[in-house]
Each structure stands twice: as C-alpha cells, then as structure tokens.
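Open the model in your viewer and keep the selection tool at hand. The stops below can be visited one after another.

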Amino acid sequence: MDSVSQKYGLFAEQPGQLQKRGIARREAMILVAAKTTVSLNGEWLEAFWCKECQETKWYHVHKNGTTYNLAIASEELWRQATGVIDPHRNPSVGEFTYRQSRTLGGKSVKDFSVMN
C-alpha cells in the first residue's frame, strides 16, 4: 500500500468519544464543555492506494509512541473528521452553508474575501 496525499484530522465533540480514548469521564465532560470540540492528537484518517485492487481505501491511523495502528475508517470516525463532506447530508443544504456549519470556532472568513 502506498500513501495518498489525502489526510484528515479527527476531533471529539462528545465526552464518550474522549472516554473511549482513556480520558476520565469528568475530565472529558469538562473538555467538551469548555472547547465544544477537542482535536485528537495522534489520530487521523488517511487514504492509501492498493496496487493489487487498484483502489483507494481509507484507514483510521492511530499513532501510539513509535507504533502506528491501522483500521478501516468507520462511518462514526468520518463524522469526527475535519474538512470532509458527509455523503449522507441533507441535499437541500448548499455547499457554502454546509462548509460554514463545519468550521470549527466559526472564525473562517475566507469565503467572504470579496467583501470589503
């Protein structure tokens, strides 16, 4: 497998997502309440090209010290990835509106660059 240039960071927006990663319940609740979303260090989704089957497959990469663990990316993880488009989203919502709703912290003004 060869790596492809697509890589997406992961975030948590619910205490349970942090608890699955070993963070205590109380601390997880405080983090989510304070930050709304918490970036997950050492975890991301990455595309790899398979020469044998001639297709791209997405994996959840989890770095643990010097070891990398790979698993097929689940649908739940796709909902936690930054910068990706949900394939099952409401089709009546426009691309601009959807992109703005996914902006972390609401501080993206790049779409308003034509305004003075």
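Select C53 to begin: C53 is partly exposed, because its relative accessibility is 34% and the buried class ends at under 20%. The model is a predicted one, and the values given on this tour are computed from it.

Stay on C53 and show its sulfur atom. Which cysteine sulfur is closest to that of C53? It belongs to C50, at 3.2 Å, which is too far for a bond, because a disulfide requires the two sulfur atoms to be within 2.5 Å. A search of the whole structure finds zero disulfides. C50, accordingly, is in no disulfide, with the sulfur of C53 as its nearest cysteine sulfur.

Select C50 next. Is C50 buried or exposed? C50 is buried, since its relative accessible area is 16% and the cut-off for buried is under 20%.

Now go to Q80. Look for Q80 in the loop that runs between helix 3 (75-79) and helix 4 (95-101). Q80 has a relative accessibility of 2% and therefore counts as buried. Show its surroundings: leaving aside residues up to four places away in sequence, Q80 touches G9, L10, F11, A12, Q17, R21 and L40.

The last stop is Y8. Select strand 1, residues 2-12, and find Y8 within this strand. Y8 counts as partly exposed because its relative accessibility is 23%.

Key: Residues are numbered from 1 along each chain as its sequence is written. This is a predicted model: local features need pLDDT of at least 70, side-chain atom pairs count only at pLDDT 80 or more; totals for chains, interfaces and linings use all residues. Side-chain values use heavy atoms; hydrogens and water are left out. Helices (H or I, at least four residues) and strands (E, at least two) are DSSP runs, numbered from the N terminus. Buried means under 20% relative accessible area, exposed over 50%, partly exposed in between (1.4 Å probe, protein chains only). Contact means heavy atoms within 4.5 Å.
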